[in-house]
Each structure stands twice: as structure tokens, then as C-alpha cells.
Amino acid sequence: MLTEEYKDCLEYIDTYWDRITYKPSRMKLRYRINNLPYKLPYGDKISFGKTKNIKNQDINPRSIKLPHYYFVPNDNKFRYIYYWDSFFMFRGLMGTKREWLMQEMIENFIYLFKTFQIIPNFSAPASIGRTQAPFFSSMILDTYFKNLNPTNPYKSVTGLKQKWYELSMKKWLKRTIEVAKEEYETVWIDTENAHNHHVHDSILSRYGDRDIGYAHSSELESGWDMTSRFYNRCDQFLPVDLNSYLYTYEKNFALAAEIFNDREEAEKWNKKAEERKKAMQIMWDKDEGFFYDYGYGFQRISHYFSLASFTPLWAGIATPEQAKRALKHLPKFETQYGLTIGAEMSLAKPIDLSKIQRRYHPAIEDIIKPKQWDYPNIWSPLEYLTVIGFLRYGFKKEAKRIMENSVKTHARLFRKYKTFFEKIDGSTGEPSVGYKYAMQEGFGWTNAVFYRYIQILDAMNSDQEIYKDPSIKEPPFDLAILH
């Protein structure tokens with residue numbers, strides 16, 4: 001079992017949660033609290049009393065005080081809760097004694113949304129004008145299904161008490177998924193364009209900013225700060241990853257409606273998802289066999305190669321034929337250490353500056369130089385989505401190879417440096433350096449994805465059935481393993 005081979009790494013990851021998990025604010029909250037207090041049925045059993053071991057308190061005067069227990073990406077620079085980081089960090093909570101933190105985080109996100117009418121990029125007043133890549137509906141359903149899994153202590157309760165627990169979880173799902181729908185409509189569909197997400201005459205969305213709405217701020221909202229992917233014009237693209245995430249929202253809303261036996265509601269959301277899927281075909285290059293961001297101002301796709309182009313596989317948007325053709329581009333990203341976030345061939349070519357006035361050289365050089373979300377860097381979140389996308393379309397061999405190479409690389413670095421890193425250099429297999437801020441150690445989503453890879457690989461190596469309905473022969477498949 002890999003859990004034994006990498007026991008030292010997993011023990012470090014387990015103890016690191018203690019450094020990045022915080023108590024609710026004991027200070028007078030600046031903003032009015034909604035939905036408090038809340039308590040799960042049999043909550044004392046579900047939490048295992050672990051809250052008493054949490055010693056961290058938020059003393060950062062620049063943070064928004066939160067009413068529930070929460071975690072942050074690391075204990076150095078990123079000591080706020082971050083929106084999309086949290087989704088990936090959930091991967092490291094599922095199936096552990098800290099699962100109860102997932103529900104706490106959902107309540108914090110609801111508090112933030114009800115207070116600011118947006119889930120901020122991170123929990124500080126400086127970021128409330130923008131959000132981040134949206135995963136809230138997925139986090140809600142992850143939490144709902146994990147609370148009902150067979151290993152949960154509530155299963156020791158039988159009869160009417162068990163029925164009452166299940167009904168209470170459905171009530172929780174109803175309340176929380178309604179907040180996600182509100183976020184989807186007001187923030188991302190954004191027909192009044194209050195957030196600069198709406199594009200005229202398109203059902204597809206872009207990254208934006210409520211207060212500023214210019215290209216750099218849109219790039220911050222994408223999570224890809226900084227990148228050459230958008231050519232410093234992020235707000236002028238319909239991103240393939242963002243619209244894959246919003247398609248997932250629509251499918252999640254349909255699934256929630258099915259749980260509530262509301263067929264009409266489920267049909268409505270499935271129809272919206274199909275409309276988005278159809279609209280996203282403008283992002284498919286049939287000659288190259290790959291998905292790309294679409295530049296709506298120029299009415300053409302961008303041929304920048306990045307892992308974002310595999311998110312339609314994660315979301316289940318690609319047809320089986322499209323997935324097979326997209327897989328052929330894997331060598332552009334794969335190294336012996338994992339998947340680089342972009343392809344080397346997409347980096348800007350050198351420019352002869354000899355005929356350009358010297359005063360313009362620094363600005364031009366800054367634009368064309370590689371950014372931190374470019375080749376050769378490996379980032380765990382998009383690599384993870386790509387791996388799950390490959391599994392959903394039956395590309396087990398490729399997914400397994402990527403996971404094994406990633407695990408070996410991060411374990412080697414851990415044993416050398418005694419920590420995990422925010423990103424690594426895919427050309428050397430060493431920590432990445434030389435960007436806007438110092439290399440961050442820890443690190444939340446790297447730890448979580450490493451842990452999840454181990455769980456998936458152990459399941460595959462033990463011949464566990466990883467698909468919910470093996471009789472279905474046409475991908476995308478629905479995964480039965482934790483993902």
C-alpha cells in the first residue's frame with residue numbers, strides 16, 4: 001500500500017492541518033451574522049471533539065473575521081481563506097478525521113456571500129470586489145455526500161433518529177444549494193453586468209471585477225496570477241475553464257433537484273447545462289482537436305496551450321471523440337515530474353529590441369517574460385483536474401502514470417526539504433523560484449492533492465471498481481472513488 005510507502009509524507013500533511021486551521025473569531029464581528037448558531041444532529045459525535053485541539057486564533061487586523069472554524073493555504077503569506085484553494089483542500093479532508101471542517105467552511109462562505117453578495121477572492125476587505133474560480137456548488141455536494149457516507153458515525157444510529165438525520169442533511173443541502181444558485185445568478189450569469197462577467201449576446205461568462213473590471217484584476221480572479229495565457233487581456237476572453245466550472249454548477253443544481261425529487265427543476269438545469277455545452281463548441285478547434293479560450297472581441301480562439309484546455313474532460317463536456325483527440329496533446333505538458341501548467345511552445349518568443357527606444361524595453365520585457373502560471377511550473381490544482389478528467393474518460397494508464405510521477409517527485413522534495421511546495425519546476429523537479437513573491441512552503445492544495453493521489457492509486461492498485469456503473473460503456477464515466 002502506498003500509504004505505508006509514503007507514511008512520512010502523510011504524517012507531515014496530517015500535522016500541517018494543525019498549523020493552518022483556525023478557531024472562529026471570538027472578537028466582535030464587524031458584519032452581521034446570518035444562520036447562527038447552527039448545530040448538526042449528533043454533532044458531538046461527528047466532530048470527534050477535535051475542535052478542542054485547535055489553538056490558532058485570527059489576530060490579523062486586515063482579515064474579515066469569520067464565525068466558523070476555517071483553514072488557510074499556509075501559515076506564512078496566505079493566512080486568509082481562499083475560494084478556489086478551499087475546493088482543492090477539501091480533497092485532503094475527505095475520508096479523514098477532519099471532514100467536519102468542510103461543513104464549517106461552507107458556513108463561512110455563506111456568511112461571506114450574505115454579507116458582501118460575493119464570495120471574495122480571499123477573506124480580506126481588499127478582495128471583496130472580485131471573486132475567484134467558482135467551486136461552491138461542488139464543495140456543498142462533496143460535504144453532503146460525505147456526511148452520508150457509510151463510515152460516518154451517524155450510521156450507528158438507527159430507526160427514526162437515522163431518518164431524522166438524513167432529513168436534516170437534506171434540509172441543510174436545500175439551504176446551502178440555494179445560496180449557490182444565488183451566487184451563480186447574481187455573480188456569474190450577471191445579466192446586469194455588475195461584476196463584469198456578462199458578455200453581450202453570449203450565454204458564456206468571463207472573469208471580471210465588480211469594482212475595477214480591468215484585465216489585471218480579471219486575471220487575479222481567474223486564480224492564474226500571473227500568466228501569459230491571456231496576453232494581459234484576461235477580460236477579453238471567454239475562458240474554457242470558467243465555463244467548464246459553471247457547467248458543473250448547472251449539473252450540480254440538477255443533481256440536487258433529483259435528490260429533492262423535483263424533476264421539473266432538474267430538467268431546467270440540465271437544459272441550461274446542455275445550452276452551455278453547445279455554446280462552448282466555439283472553443284473547440286476541430287483541426288487541432290483541442291479546447292481553447294475564446295477571444296470574443298476578435299471572434300476567434302486563442303491557441304495558447306494550457307491545462308485549462310482539459311477542464312471540459314473534468315466537467316464531462318467533451319464527447320468521447322473530443323477527449324481522445326485532446327489526449328494526443330498530453331506530451332506538450334507531461335514531464336517525469338508531473339504536468340506543467342502550460343506548454344513550452346506557447347511561451348513568447350524573444351523580441352529584437354534594438355530598434356525600439358530603450359525607455360520601452362522594461363515594459364516589453366516584463367510582458368513577454370515567463371510568468372508563474374506558465375511553463376515550466378507544475379501546479380497541483382489544474383494537474384489534479386486533468387487527472388480526474390482522464391479517469392472520467394477511461395484513460396486510466398495516463399492518469400495513473402501522472403499521479404505516480406507526481407507523488408514520487410513531491411515525496412523526494414519533502415524528504416530533501418522537509419516540506420511541500422506551492423509549485424515546482426517541471427524542467428528540473430525542484431522548487432520553483434524567481435516570481436512575484438517568495439516560494440511558499442506547506443502547502444494546502446499540494447498537500448491535499450498528494451493525499452488524494454495516494455488514495456486513488458491505492459484504490460486502482462487493489463483493483464477497486466472506480467466507476468459507479470461499470471455497465472455504461474460510453475464516457476464520461478461517473479467516478480465511485482473519492483475525487
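Where in the chain is Gln 117 found?

1. Gln 117 is found in the loop between α5 (100–116) and α6 (136–147). Its phi is near 60 degrees, a positive value in a residue other than glycine. Most residues other than glycine have a negative phi, and most peptide bonds are trans. Gln 117 counts as partly exposed because its relative accessibility is 35%.

2. Before going on, keep in mind that this is a predicted model. The chain has a mean pLDDT of 91, and 92% of its residues reach 70 or more. Residues 31–48 are the stretch to read with care: pLDDT stays under 50 there. For those residues the model has 40 contacts beyond four places in sequence.

3. Lys 418 also has a positive phi, of about 65 degrees, although it is not a glycine. You'll find Lys 418 in the loop between α15 (396–417) and β11 (420–421). With a relative accessible area of 56%, Lys 418 is exposed.

4. Now for the cis peptide bonds. One joins Asp 225 and Met 226, with omega about 10 degrees. Met 226 sits in the loop between α8 (215–222) and β3 (237–238). Another cis bond joins Gly 442 and Phe 443, and there omega is about -15 degrees. Phe 443 has its place in the loop between β13 (441–442) and α16 (444–461).

5. How many salt bridges does the structure hold? The count is 22. One of them brings together the side chains of Asp 18 and Arg 98, at 2.9 Å from N to O. This pair links distant parts of the chain, 80 residues apart: Asp 18 is in helix α2 (residues 7–20), while Arg 98 is in the loop between α4 (83–90) and α5. Asp 18 is partly exposed, with a relative accessible area of 44%, whereas Arg 98, at 10%, counts as buried.

6. Lys 181 and Glu 265 form a salt bridge too, and their closest N and O atoms are 2.8 Å apart. Lys 181 lies in helix α7 (residues 159–189) and Glu 265 in helix α10 (residues 263–279), so this pair ties together parts that are 84 residues apart in sequence. Both Lys 181 and Glu 265 are buried.

7. Another salt bridge to look up is the one between Glu 422 and Lys 423, where the closest N and O atoms are 3.6 Å apart. Glu 422 is buried, and Lys 423 is buried as well.

8. Ile 351, Ile 356 and Tyr 360 make a nonpolar patch of about 250 Å². Ile 356 belongs to the loop between β9 (338–339) and α13 (361–368). Since its relative accessibility is 31%, Ile 356 counts as partly exposed.

9. Last, the cysteines. A disulfide is a covalent bond between the sulfur atoms of two cysteines. Taking a pair of cysteine sulfur atoms within 2.5 Å as the test, the count comes to zero disulfides. Cys 9 counts as buried because its relative accessibility is 0%. Cys 234 counts as buried too, at 0% relative accessibility.

How values were computed. Residues are numbered from 1 along each chain as its sequence is written. Side-chain values use heavy atoms; hydrogens and water are left out. Buried means under 20% relative accessible area, exposed over 50%, partly exposed in between (1.4 Å probe, protein chains only). Patches are made of residues with over 30% relative accessible area and no salt bridge: like charges are joined within 9 Å, nonpolar side chains (Val, Leu, Ile, Met, Phe, Trp, Tyr) within 5 Å. Accessible areas come from the Shrake-Rupley method with a 1.4 Å probe; for residues, only the protein chains shown count as cover. A salt bridge is a side-chain nitrogen of Lys or Arg within 4 Å of a carboxyl oxygen of Asp or Glu. Helices (H or I, at least four residues) and strands (E, at least two) are DSSP runs, numbered from the N terminus. pLDDT is the predictor's confidence in each residue, from 0 to 100. Contact means heavy atoms within 4.5 Å.
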